[in-house]
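User: I have a new structure to go through with you. Can we take it piece by piece?
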Amino acid sequence: MYDVFITKASTYLPNNPVSNDEMETYLGLINDAPSKARSLILRNNKITTRYYALDKEGNPTHTNAQLTAKAVEGLFDEKFKKEDMKLLSVGTTSPDQMQPSHASMVHGELNIGKSIEINTATGLCNSGMNALNYGFLSVRAGVHENAICAGSERMSAWMTADKFNHEAENLKALEERPIIAFKREFLRWMLSDGAGAFLLENKPREEGISLKVEFIDFYSYAHEIEACMYAGCDKQEDGSLKSWADYPSDEWLKQSIFAIKQDTKILDKYILVKGAESLRSSFDKHNLDPDKIDHVLAHISSGYFKDGLKEEFAKKGMDFPAEKWFYNLSDIGNIGAGSIFVALEELMNSGTLKKGEKVLLCVPESGRFAYSCSLLTVC
């Protein structure tokens, strides 16, 4: 078994930051009317800028594969060239197509001129951590001496007004209020585009910051809780999901079947409680002392959860002081599977990390409530 180190991190955020007031310029107006929910959602989520792979006419400027490739390319230097790559493991919620796999498309964009092993992790926010875990285990087992792992999203293309106009028009024809359901509009004002990537190697670099990966743990509560965040389907009265394939094709647009949706009542009930429960399990499993953690990077979808998460952790005996928490949500938005990569890259390059410090990563996934955490040591 080999030790595994994150020896370099890279981020790619497309175009210029988009302010709250500019969002509908890029995403468009549903049924030519400004959103009535936007200001309330933005006030709660505390996000002030985000990034879109769109121009101001709503035209795409990058694919998800291109965003991911740009982040990966930032890892190449004189010490690690692109032809040195052995494994590419990527995760996303929003691939550009159902098939081929996201990793295949990123490999094609990189133009490295050789065959490599690839892996795609799909799902929601934990897909980035799933991709990282695949690379971690491969290097640790000695299958490969290095791995590149990435998390990315291009959700803006899912949120443009044209994806929802048919639903609003259908409601208008029924003489109902021509606005889309909150569970579908809610996420239009939450999500952002971008990618982050890590280089994993079996030894640290002699210069600069490297982070030893001590462990990565995962927990799923799907045996207890119904789906909360979903796409390509719709939730039924009994909590089950009805697949897009079981709807007539003329209903796909009318009901925004492919839109990403969230059941906010279930979200509020479980997301923090189960997050604290899962992290407590890891602390017990590895016999960790909360006082020995120096930096806490917790992916949150909204600033609304920031104080509540700290309180829930404290209830479980993990009372991390405010100065140990690191967030960049307000500046970059919620990049889903890429968020923890982008946050750690910023911390690694901040100049504040010291040898021997412990960095804790925590990632929730509200799809059907799955969680991951990882402990890193600065070396």
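User: Is Asp 162 buried, partly exposed or exposed?

Analyst: This is a predicted model. In it, Asp 162 has 45% relative accessibility and counts as partly exposed, because that class lies between the 20% and 50% cut-offs.

User: Which side chain does Asp 162 meet in a salt bridge?

Analyst: Lys 163, with 3.5 Å from N to O. Lys 163 is partly exposed as well, at 33% relative accessible area.

User: How many salt bridges does the structure hold?

Analyst: The structure holds 17. One of them pairs Asp 3 with Lys 212, at 3.9 Å from N to O.

User: Where do those two sit in the chain?

Analyst: Asp 3 is in the segment before strand S1, and Lys 212 is in strand S8. The two are 209 residues apart, so the pair links distant parts of the chain.

User: And what about Arg 280 and Asp 284?

Analyst: Both lie in helix H9, four residues apart, which is about one turn of the helix. Elsewhere, salt bridges with shared partners join Lys 8, Asp 77, Glu 201 and Arg 205 into one network.

User: Changing topic, how many helices and strands are there?

Analyst: The protein has 12 helices and 15 strands.

User: What is the radius of gyration?

Analyst: It is 21 Å, which agrees with the value near 21 Å for a compact globule of 379 residues. The C-alpha trace spans about 65 × 50 × 40 Å along its principal axes.

User: What share of the residues is buried?

Analyst: Buried residues make up 55% of the 379.

How values were computed: Residues are numbered from 1 along each chain as its sequence is written. This is a predicted model: local features need pLDDT of at least 70, side-chain atom pairs count only at pLDDT 80 or more; totals for chains, interfaces and linings use all residues. Side-chain values use heavy atoms; hydrogens and water are left out. The radius of gyration is taken over C-alpha atoms; the globule rule is 2.2 Å times the number of residues to the power 0.38. Buried means under 20% relative accessible area, exposed over 50%, partly exposed in between (1.4 Å probe, protein chains only). A salt bridge is a side-chain nitrogen of Lys or Arg within 4 Å of a carboxyl oxygen of Asp or Glu.
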